[in-house]
Amino acid sequence: MLNLLWLIPTLPLISFLILAFFGKKMGKFSGALGVISVGLSALITLIIGVEFLSSPPIGGVYEQTLWTWFDINGFAPEISLYLDPLGLIFTFVITFVGFLIHWYSTEYMDGDEGYSRFFAYMNLFVFSMLMLVLGNNLLLIYFGWEAVGLCSYLLIGFWYKEPYNNYAARKAFLITRVGDTAMLIGLFLLVKDFGTLNVQQILIQAPEVWSVGDSNVFWASLLLLAGAVGKSAQLPLQTWLPDAMAGPTPVCALIHAATMVTAGVFLIARMNVLFEMAPVVQHLVAIIGALTLIVAGLSAFAQNDIKKVLAYSTISQIGYMFLALGVGAWSAGIFHFMTHAFFKALLFLGAGAVILAMHHEQDMYKMGGLRKKIPVVYWTFLFGSAALAAIPIVTAGFYSKDKILFLSLASTKGNIWLWIAGFVGAFITALYTFRMVFITFFGKAKMDVEHRPKMSFKIPLIILGILSLIAGFIELPDVWGDFTLISDFLGGTLPVINIIPEMERWEILLQVITGVVVLIGVYITWQIYVKKRKESYAFEQSGLFNFFFKGWEFDWLYNTLVVAPAVWLSRIDQHDFIDRIYGGIGHLNLGLNKVFSRTQNGYLKIYLGGIAVGMIVALTIVLFL
Amino acid sequence: MTTVFYIAAIIAIFSTLRVVTHKNAVHALLYMVVSLLSFAVIFFLFGAPFPAALEIIIYAGAIIILFIFVAMMLNFGSKEANEREKKWISPSDWWAPGLLSLILLGEFIYLFTAGGEVTTIELYPISPKEVGTALYTKYILGVELVAMLLMSAAIGAYHLGKHKRKEYHRFLKGDNNEEN
Amino acid sequence: MDISVDTGLLLAGILFLLGLFGVLMRRNLIFMLLSVEIMMNAAALAFVVGGAKWKNVDGQVMVLFILAVAAAEVAVGLALVIQMYKQFKTVDVKKMRKLKDE
């Protein structure tokens with residue numbers, strides 16, 4: 001059954017084509033088609049996954065070559081699908097969570113005039129993301145990379161009649177473009193040194209072509225990192241993700257929480273050998289992750305739009321994944337990706353249900369008391385928030401995040417500062433998560449509920465809620481037993497981490513400390529926002545709070561550093577000298593016209609004089625020249 | 001013969017000059033006749049009696065007469081006309097055409113005298129009979145064309161010279177753009 | 001007779017230039033037409049000189065044609081002058097500038 005692999009990306013592609021051409025006429029059925037195509041892909045993924053696990057193919061990898069893309073001077077990338085454990089996990093998340101989100105969107109986007117266009121774009125996105133994770137060479141991965149960027153642009157600006165949405169879409173596209181260009185230069189470097197972009201060949205030949213710490217591998221991995229930073233919205237290219245919340249909520253759930261923004265994580269994990277060979281760059285990955293999670297966490301705490309809280313939260317959690325990859329905890333990072341996909345998608349879908357219930361209002365301070373009114377949404381949202389904050393033992397987020405925190409200290413490449421950043425970040429996560437929950441669902445009800453969730457909302461929410469709770473149980477910490485399914489599964493493709501031996505004893509202690517600090521954070525927010533709830537707080541008016549609210553003023557920084565000089569330059573160049581040349585030709589013509597039209601004065605003698613002068617000139621030329 | 005030629009040449013030049021610079025129109029026309037007569041003499045000297053006769057008959061006898069008629073009609077020659085003419089021939093009008101003409105004169109002199117050999121002309125009269133024969137055998141096409149040209153000139157002049165009708169039949173009265 | 005061809009042509013050239021001078025200088029329309037006639041006459045003289053040099057009859061035939069053309073042109077031209085006098089009430093060329101580019 002493994003040879004059905006090619007169907008997984010193809011079904012959404014076919015569905016996209018059908019919807020693109022005939023969507024308008026299909027009406028309600030277009031949603032059904034979109035859901036069914038992704039659902040079939042999820043089903044095939046499950047079947048293939050079961051077969052992959054039960055009877056693994058040779059070498060733990062299955063490759064299905066479709067055809068050769070082109071062949072120039074020996075450089076011959078193929079259209080070929082490559083399935084290894086890493087790809088399988090990503091494919092599973094993409095198709096399964098994607099299916100649930102598509103199902104949810106049939107109700108969310110009901111009545112919208114772009115209903116079929118939405119599902120066309122979503123299917124195109126699923127296809128692109130699958131090509132990204134299943135491609136066996138970097139060119140195919142880059143194709144998927146660009147295509148998801150395109151779909152992100154299309155979907156952020158989905159309601160294109162509103163100008164702000166278009167600005168947000170452009171901003172997202174341009175900032176990721178900066179990263180994409182760096183990645184492309186990195187690809188050129190790789191082609192120059194290896195002659196091929198086939199991932200496995202590069203990874204195998206890398207130790208022979210380069211030595212550890214070589215400047216070439218430094219630059220190649222640094223450029224790939226730049227691409228990952230752009231796509232995953234890490235520092236310093238993170239400013240596009242909060243503005244991307246202008247798109248519909250299912251889009252935010254699928255693209256900007258579960259899948260597209262994790263493409264950077266996927267790329268780094270895929271090219272792990274390169275990063276292992278450039279320790280400076282790998283350390284930089286960890287530092288970027290640590291800084292981002294603090295910056296984004298503090299910004300999330302100061303937001304009052306529910307979707308922006310979740311956006312900053314996504315940036316912060318991907319910071320955790322980068323931190324994990326940076327210290328060499330490859331499988332831990334991927335594990336966190338999986339659990340994060342579940343609970344973040346759940347939170348976004350829940351937020352969407354809340355927004356629809358509150359007459360499309362997104363400001364949390366205008367909501368309240370929804371606990372009793374839409375209980376299913378409340379309970380699933382609570383489970384998701386618990387997982388996000390990593391409440392101990394019962395939630396999936398606890399297992400993944402704790403593993404990262406422990407390994408950031410215990411790995412040979414980790415250090416105490418990274419752990420402190422992660423630890424403080426966990427506290428802040430608890431703070432902002434439960435601030436969001438308490439303001440939205442507790443307190444007095446300020447508005448009446450407009451839209452009660454129907455089955456298409458409830459079932460995906462419940463499924464994801466259950467997953468947020470139990471998905472962690474497949475990877476228990478080492479001291480609790482040897483039940484480490486994920487690390488074993490990924491051990492075939494990703495390097496195993498080296499742990500400093502003495503640190504193993506500290507694992508229990510660190511877990512307890514982290515768990516306690518998270519519970520303290522929940523308690524503090526409970527006190528502030530539920531028990532002694534005031535209408536407005538002094539600390540929320542302070543300048544520091546405002547600084548966090550604006551995302552640490554990165555927008556202003558980029559505006560002055562990059563945008564304003566570019567605009568100024570283009571204003572100066574508006575009448576540049578090349579323009580003047582062409583304009584000058586016109587002016588010259590008009591001037592000459594004025595001069596010469598004075599000779600047409602109707603005065604006969606002047607005309608005759610002209611004839612005489614012409615005669616003289618002609619004779620002179622003939623006689624003397 | 002040579003002296004006759006030079007005398008006729010000088011008379012021609014002088015009278016032409018007077019034509020161009022005189023202010024009385026009628027006098028100028030008479031000077032023109034003198035010039036044409038001297039032309040005829042020069043034609044004779046070059047052995048071309050037929051053109052000489054034609055010059056006198058057609059040029060001096062018809063064309064200049066036309067000019068005189070028009071001058072009379074437009075009342076040139078009266079005192080007011082003379083005054084007017086004098087006003088019009090002002091030195092400021094002179095110098096530019098004069099300059100141009102002098103330059104051209106210089107070029108002409110250079111053109112005609114800087115050649116190599118100097119051929120003299122023998123007196124070789126060509127009789128009208130030969131001219132007539134050539135006209136009606138070799139140049140018959142040209143004669144036909146000139147005939148058509150003269151006919152069109154006559155018709156054109158007739159049309160251009162028509163007076164506007166002062167009274168119209170009541171059926172023809174109507175729009176003012178009645179073309180004549 | 002030892003008159004060279006050059007002398008004859010020079011005479012024709014001088015008369016032609018006198019005609020040109022007259023055309024350029026005078027403001028009276030009639031005089032301008034008259035000066036044009038002088039120029040044509042000078043051209044005829046040049047033709048005769050040429051014919052005499054080659055002892056050919058063609059030069060004189062050309063004179064006939066020139067004469068005929070001059071006659072036709074004078075006829076039409078004077079008719080036009082009369083019409084213009086009726087239009088502009090003057091024969092001053094300086095007043096007739098209806099073709100001026102505004």
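Visitor: How many aromatic pairs does a search of the whole structure find?
Guide: This is a predicted model, in which local features need pLDDT of at least 70 and side-chain atom pairs count only at pLDDT 80 or more, while totals for chains, interfaces and linings use all residues. Residues are numbered from 1 along each chain as its sequence is written, chains are lettered from A and ligands numbered from 1 in the order in which they are written, and side-chain values use heavy atoms, with hydrogens and water left out. Rings of Phe, Tyr and Trp (its six-membered ring) pair if their centres lie within 6.5 Å, and planes under 30 degrees apart count as stacked, over 60 as edge-to-face and the rest as tilted. Over all chains, the number of aromatic pairs found is 37.

Visitor: How are the rings of A:F92 and A:F96 arranged?
Guide: These residues are four apart in helix 3 (residues 85-108) of chain A, which means that A:F92 and A:F96 are separated by about one helical turn; helices (H or I, at least four residues) and strands (E, at least two) are DSSP runs, numbered from the N terminus. The ring centres of A:F92 and A:F96 are 5.5 Å apart and the planes stand at 10°, so the pair is stacked.

Visitor: What kind of aromatic pair do A:F158 and A:W159 form?
Guide: The centres of A:F158 and A:W159 are 6.2 Å apart, with 65° between the planes. That makes the pair of A:F158 and A:W159 edge-to-face.

Visitor: Is A:F158 buried or exposed?
Guide: Buried means under 20% relative accessible area, exposed over 50%, and partly exposed in between (1.4 Å probe, protein chains only). A:W159, at 33% relative accessibility, counts as partly exposed. A:F158 has a relative accessible area of 0%, so this residue is buried.

Visitor: Which residue lies over the face of A:F158?
Guide: A charge sits over a ring if NZ of Lys or CZ of Arg is within 6 Å of the ring centre and within 35 degrees of the ring normal. At 4.4 Å from the ring centre of A:F158, the residue over its face is A:R117.

Visitor: How far apart are the end C-alpha atoms of helix 17 of chain A?
Guide: The expected span of a helix is 1.5 Å times one less than its number of residues. Helix 17 of chain A (residues 375-389) has 15 residues and should therefore span 21 Å. The distance between its end C-alpha atoms agrees with this, at 21 Å.

Visitor: How many residues of helix 17 of chain A are buried?
Guide: Helix 17 of chain A is mostly covered, and its buried residues include A:Y378 and A:F381. A:Y378 and A:F381 also belong to one aromatic cluster, with A:W526 among its other members. Of the 15 residues in helix 17 of chain A, the number buried is eleven.

Visitor: Which residue follows helix 17 of chain A?
Guide: The residue after helix 17 of chain A has a positive phi, near 65°. That residue is A:A390.

Visitor: How many helices are there in chain C?
Guide: Chain C has zero strands, and from the N terminus on its elements run α-α-α. Of its 102 residues, 61% count as buried. The number of helices in chain C is three.

Visitor: How many helices does the secondary structure of chain B come to?
Guide: Of the 180 residues of chain B, 37% count as buried. The pattern along its sequence is α-α-α-α-α-α-α, and with zero strands, the count of helices in chain B is seven.
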